[in-house]
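Here are a few exercises to work through with the structure open beside you. Try each task on your own before reading its solution.

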Amino acid sequence: MFYVYVLRCSDNSLYTGYTNDVSKRVATHNSGKASKYTRSRLPIELVAQWPFRSKSDAMKQEIYFKSLPRKAKIERIRLINRSF
């Protein structure tokens, strides 16, 4: 399985990525080794994740999600995470 995940950074910005191991990837982000973007916005919090059967499907969904306006992203996150 592959996953598209969304992180909320300390400055309240959102970061989206894909992986096959969400918990390991979140730990890597929080250690400051995953991306330049999240490195300067620690700590981060996982706010959403969606499973996909293939890497290709996950990558396509990641690109689509990144293209959405912030308001639409937040609405999608709230569908699965009521505390967001």
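**Exercise 1: the sheet**

In what order do the 3 strands of the open sheet lie, and is the pairing parallel or antiparallel?

Solution. This is a predicted model, so let us read it as one. Start with the order: the strands run β2-β1-β3, and they pair in the antiparallel sense. Next, look at the ends of that order: β2 (14-19) and β3 (45-52) are the edge strands, each with a single partner, so one side of each has no neighbour in the sheet. Neighbouring strands are turned against each other by 20° on average, direction ignored.

Now take one pair in detail. Strand β1 (residues 2-8) is joined to β3 by 7 antiparallel bridges.

Helix α3 (residues 55-67) touches β1, β2 and β3, and its direction makes about 170° with that of β2. Helix α4 (residues 70-80) also touches β1, β2 and β3, with its direction at about 80° to that of β3.

**Exercise 2: the faces of α1**

Find which residues of helix α1 (residues 22-30) are buried, and work out how they are arranged around the axis.

Solution. The buried residues are Val22, Val26 and His29. Recall the helical repeat: with 3.6 residues a turn, residues three or four places apart point the same way. Looking down the axis of α1, the buried residues fall within an arc of 60°, so they line one face of the helix. Check the other side, where Ser23 and Lys24 are exposed. Then ask what the buried residues meet: they pack against β1, β2, α2 (36-39) and β3.

**Exercise 3: the cores**

Which residues of the largest nonpolar core touch the most other members?

Solution. This core has 13 residues, and those touching the most other members are Val6, Leu14, Trp50, Phe65, Ile77 and Phe84. Trace where the core comes from: β1, β3, α3 and α4 each supply at least two residues. The biggest contribution is that of β3, with 4 residues.

Zoom in on leucine 14. Leaving out residues up to four places away in sequence, leucine 14 touches Val6, Leu7, Arg8, Tyr37, Arg70, Lys73, Ile74, Ile77 and Phe84. There is also a second, separate core of 7 residues, among them Leu7, Tyr15, Val22 and Val26.

**Exercise 4: α4 and its neighbour**

Sort the residues of α4 into buried and exposed, then describe how α3 and α4 cross.

Solution. Begin with the inside: Lys73, Ile74 and Ile77 are buried. These residues fall within an arc of 95° seen down the axis of α4, so they too line one face of the helix. On the other side, Lys71 and Leu79 are exposed. The buried residues pack against β1, β2, β3 and α3.

Now for the crossing. Two packed helices are described by the angle and the distance between their axes. The axes of α3 and α4 come within 8 Å and cross at roughly 125°, which means that α3 is oblique to α4. To finish, list who makes the contact: Gln61, Tyr64, Phe65 and Lys66 from α3, and Lys73, Arg76 and Ile77 from α4.

Key. Residues numbered from 1 in each chain as written. Predicted model: local features only at pLDDT ≥ 70, side-chain atom pairs only at ≥ 80, totals over all residues. Heavy atoms only, no water. Pairing = 2+ DSSP bridges. Axes fitted to C-alpha atoms, helices over the stretch in contact; angles between N-to-C directions. Contact = heavy atoms within 4.5 Å. Buried < 20%, exposed > 50% of the residue type's maximum accessible area, 1.4 Å probe, protein only. Arc of directions from axis to C-beta. Core = buried A, V, L, I, M, F, W, Y, C linked by side-chain atoms within 4.5 Å. Parallel < 35°, antiparallel > 145°, perpendicular 65-115°, else oblique.
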